Amino acid sequence: MKELNPLLHSQLRLAVMSVLMNLDETDFVYLKEKTESTAGNLSVQLDKLSSAGYIAIEKGFAGKKTRTVCRVTSLGREAFEEYVETLKEYLNL
């Protein structure tokens with residue numbers, strides 16, 4: 001049986017990817033609220049997903065406030081779908 005992707009197997013990274021799979025893009029604040037994580041922990045996990053090429057991060061400004069926008073990449077989408085299929089194999093679904 002195939003191994004589950006360790007990068008996606010982390011609870012917070014899996015939650016982030018799950019949220020992003022259903023949206024074109026979203027900002028850091030929304031992800032923080034949906035995942036109920038701390039800003040520091042979320043930032044670290046987003047960096048790991050970005051380094052793997054699973055998400056794209058764009059930093060900018062909305063008025064005078066900084067805004068970080070995240071979107072899943074095609075590589076991230078493939079990795080997530082493969083993770084779900086592997087999980088289904090484990091569950092015999």
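Author: Glu 36 is exposed, with a relative accessible area of 73%. This is a predicted model, and in it Glu 36 sits in the loop between helix 3 (28-35) and helix 4 (39-51). The backbone there deserves a check: Glu 36 is not a glycine, yet its phi is positive, at about 55°. Most residues other than glycine have a negative phi.

Helix 2 covers residues 11-20, and its buried residues are Leu 12, Arg 13, Val 16, Met 17, Val 19 and Leu 20. Viewed down the axis of helix 2, these buried residues fall within an arc of 160°, so they line one face of the helix. In general, an α-helix has 3.6 residues a turn, so residues three or four places apart point the same way.

Take helix 3 as the partner. The axes of helix 2 and helix 3 come within 10 Å and cross at roughly 120°. Helix 2 is therefore oblique to helix 3, since the range for roughly perpendicular is 65 to 115 degrees. The crossing of helix 2 past helix 3 is right-handed. On the helix 2 side the contact involves Leu 12, Ala 15, Val 16, Val 19 and Leu 20, and on the helix 3 side Tyr 30, Leu 31, Lys 34 and Thr 35. By class, that contact has 7 nonpolar, 1 polar and 1 charged residues.

Now take helix 4. The axes of helix 2 and helix 4 also come within 10 Å, and here they cross at roughly 70°. Helix 2 and helix 4 are therefore roughly perpendicular to each other. Helix 2 supplies Leu 12, Arg 13, Val 16 and Met 17 to this contact, while helix 4 supplies Asn 41, Leu 42, Gln 45, Leu 46, Lys 48 and Leu 49. Sorted by class, the contact of helix 2 with helix 4 has 6 nonpolar, 2 polar and 2 charged residues.

Phe 61 lies in strand 2 (residues 55-62) and is exposed, with a relative accessible area of 64%. Leaving aside residues up to four places away in sequence, Phe 61 touches Thr 66 and Arg 67.

Methods: Residues numbered from 1 in each chain as written. Predicted model: local features only at pLDDT ≥ 70, side-chain atom pairs only at ≥ 80, totals over all residues. Heavy atoms only, no water. Helix = DSSP H or I, 4+ residues; strand = E, 2+ residues; numbered from the N terminus. Buried < 20%, exposed > 50% of the residue type's maximum accessible area, 1.4 Å probe, protein only. Arc of directions from axis to C-beta. Axes fitted to C-alpha atoms, helices over the stretch in contact; angles between N-to-C directions. Parallel < 35°, antiparallel > 145°, perpendicular 65-115°, else oblique. Left-handed = near helix turned anticlockwise from the far one by under 90°. Contact = heavy atoms within 4.5 Å. Nonpolar A, V, L, I, M, F, W, Y, C, P; charged D, E, K, R; others polar.
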